[in-house]
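Keep the picture open while you read.

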Amino acid sequence: MLLLGSRRMLGASAVSTEESRRAAANVWLRRRNVEIEAATLFRGMARSMERFSWPSVLVDAAIKAAEDECVHAELCDSLVSILDPALVKSTIPEPRAIRFKTEIALLHTAVSVGCVTESMSCALLIRMKKSTTDSDCKRVVSAVLRDEVSHSRIGWESLRHCNNRMDVRWVQTRLSQMCQMATTSEIADLNQSHLDLSLYGILPKLEGARIVEDTINEVIVPGVATVIGEGTRHGLALGAG
């Protein structure tokens with residue numbers, strides 16, 4: 001009787017594991033698509049940075065970030081195949097070209113992607129790395145985390161660069177909207193199901209939402225204020241009055 005009960009428990013456990021792996025695969029597939037979009041943005045940023053004569057170090061960093069995001073997409077893709085080989089995936093497309101018409105539009109994207117989204121991603125990935133026990137998932141999470149830190153710096157250095165040349169105080173007025181949009185995107189990649197997917201690098205929605213909120217209040221908002229304040233104190237951010 002105990003043996004029969006054990007077999008039933010093992011069977012239920014196997015079904016639960018398969019269900020969890022399929023659910024995790026679908027989340028990682030969505031993440032793959034997000035990485036592709038990020039590659040597109042960084043590639044467009046690099047071209048526009050060069051056109052507006054931004055420092056070459058920023059141009060090079062954006063080019064490298066686009067390459068990194070393509071690698072991340074491939075890592076996510078391989079993880080999907082491991083977690084759920086039967087899941088049908090579309091071919092990874094080549095990043096499309098994006099052109100920013102003004103430096104304001106370019107800076108808006110640099111801050112939104114670098115200072116906001118990538119900062120949130122770093123905080124979430126740090127927690128994900130701690131909770132992930134699946135070896136394949138931990139490998140991917142670790143690789144992505146290493147690069148996201150550098151990608152975040154692109155936003156902060158872009159803001160610092162522009163703050164030395166023009167009035168960028170408008171960034172603070174739009175920051176709330178940037179954070180709201182990024183939060184919606186980041187939360188979409190968290191666990192929306194009843195299953196525990198933390199071992200596959202997918203945090204519960206409530207935990208992720210708390211981490212994102214803390215990052216906004218403790219990193220993003222004060223960080224932007226500090227950078228803009230540095231220019232203001234030296235009379236560098238008052239050009240438009």
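## Ground rules

A salt bridge here means a side-chain nitrogen of Lys or Arg within 4 Å of a carboxyl oxygen of Asp or Glu. Before we use that, a word on where things come from. This is a predicted model, so local features need pLDDT of at least 70 and side-chain atom pairs count only at pLDDT 80 or more, while totals for chains, interfaces and linings use all residues. Residues are numbered from 1 along each chain as its sequence is written, and side-chain values use heavy atoms, with hydrogens and water left out.

## Overall build

Helices (H or I, at least four residues) and strands (E, at least two) are DSSP runs, numbered from the N terminus.

Of the 241 residues in the protein chain, 48% are buried. For that label, buried means under 20% relative accessible area, exposed means over 50%, and partly exposed is in between (1.4 Å probe, protein chains only).

## Salt bridges

By the 4 Å rule, the count comes to eight salt bridges. One of them pairs Glu-103 with Arg-165, whose closest N and O atoms are 3.1 Å apart. This one ties together distant parts of the chain, 62 residues apart: Glu-103 belongs to helix H3, and Arg-165 sits in the loop between H4 and helix H5 (170-188). Arg-165 is partly exposed, at 43% relative accessibility.

Another salt bridge joins Arg-139 and Asp-136, at 3.8 Å from N to O. These two are three residues apart in helix H4, which means about one helical turn separates them. Arg-139 is partly exposed at 41% relative accessibility, and Asp-136 is partly exposed too, at 25%. Then there is Arg-169 with Asp-167, where the N to O distance is 2.7 Å. Arg-169 is partly exposed at 31%, whereas Asp-167 counts as buried at 14%.

Two packed helices are described by the angle between their axes and the distance between the axes. The axes are lines fitted to C-alpha atoms, for helices over the stretch in contact, and angles run from 0 to 180 degrees between N-to-C directions.

Start with helix H2 (residues 56-83) and helix H4 (residues 135-163): their axes come within 10 Å and cross at roughly 155 degrees. That makes H2 roughly antiparallel to H4 (angles under 35 degrees count as roughly parallel, over 145 as roughly antiparallel, 65 to 115 as roughly perpendicular and the rest as oblique). The crossing of H2 and H4 is left-handed, meaning that the near helix is turned anticlockwise from the far one by less than a right angle; clockwise would be right-handed. Their contact involves 13 nonpolar, four polar and seven charged residues. In that tally, Ala, Val, Leu, Ile, Met, Phe, Trp, Tyr, Cys and Pro are nonpolar, Asp, Glu, Lys and Arg are charged, and the others, Gly among them, are polar.

Now helix H3 (residues 103-131) against H4: the angle is about 150 degrees and the axes are 7 Å apart. H3 is therefore roughly antiparallel to H4, and this crossing is left-handed. The contact of H3 with H4 has 15 nonpolar, eight polar and four charged residues.

## Two residues to look up

Ser-53 is not a glycine, yet it has a positive phi of about 60 degrees. Find Ser-53 in the loop between helix H1 (2-51) and H2, where it counts as exposed at 62% relative accessibility.

Glu-148 lies in helix H4. Is Glu-148 buried or exposed? Buried, with a relative accessible area of 5%. The C-alpha atom of Glu-148 is 9.8 Å from that of Met-120, a residue 28 positions away along the chain.
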